[in-house]
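Open the model in your viewer and follow the stops below, selecting each residue in turn.

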Amino acid sequence: MVIDNLFDRASSVMTVISFITFIGIMWWAFSRRNTDNFAEAAQLPFADEETPHV
């Protein structure tokens, strides 16, 4: 049937789009220009703020 063929093609296209998106996110996350941002963000939990004692 025509609808079965359409769903098979749509499924294949979405698989390819999802894989390309995944590769793009991995490339962005591990690119060198983001390492400084991630290193700074990784230290945020250890940054203590001085709070006045009441």
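Select Ser18 to begin: at 42% relative accessibility this residue counts as partly exposed, because that class lies between buried (under 20% relative accessible area) and exposed (over 50%), with a 1.4 Å probe and protein chains only. This is a predicted model, in which local features need pLDDT of at least 70 and side-chain atom pairs count only at pLDDT 80 or more, while totals for chains, interfaces and linings use all residues. Residues are numbered from 1 along each chain as its sequence is written, and side-chain values use heavy atoms, with hydrogens and water left out.

Ser18 sits in helix α1, which covers residues 2–29. Show the side chain of Ser18 and also Met14, whose backbone oxygen the serine side chain reaches at 2.8 Å.

Next, select Phe22, which also lies in helix α1 and is partly exposed, with a relative accessible area of 46%. Then extend the selection to Val16, Phe19, Ile20, Ile23, Met26 and Phe30, which together with Phe22 make a nonpolar surface patch of about 740 Å².

Finally, display the whole protein, where 4% of the 54 residues count as buried.

Notes
Helices (H or I, at least four residues) and strands (E, at least two) are DSSP runs, numbered from the N terminus. A polar contact is a pair of N or O atoms within 3.5 Å; within protein, one must be able to donate a hydrogen and the other to accept it, and residues adjacent in sequence count only if both atoms are side-chain atoms. Patches are made of residues with over 30% relative accessible area and no salt bridge: like charges are joined within 9 Å, nonpolar side chains (Val, Leu, Ile, Met, Phe, Trp, Tyr) within 5 Å. Accessible areas come from the Shrake-Rupley method with a 1.4 Å probe; for residues, only the protein chains shown count as cover. A salt bridge is a side-chain nitrogen of Lys or Arg within 4 Å of a carboxyl oxygen of Asp or Glu.
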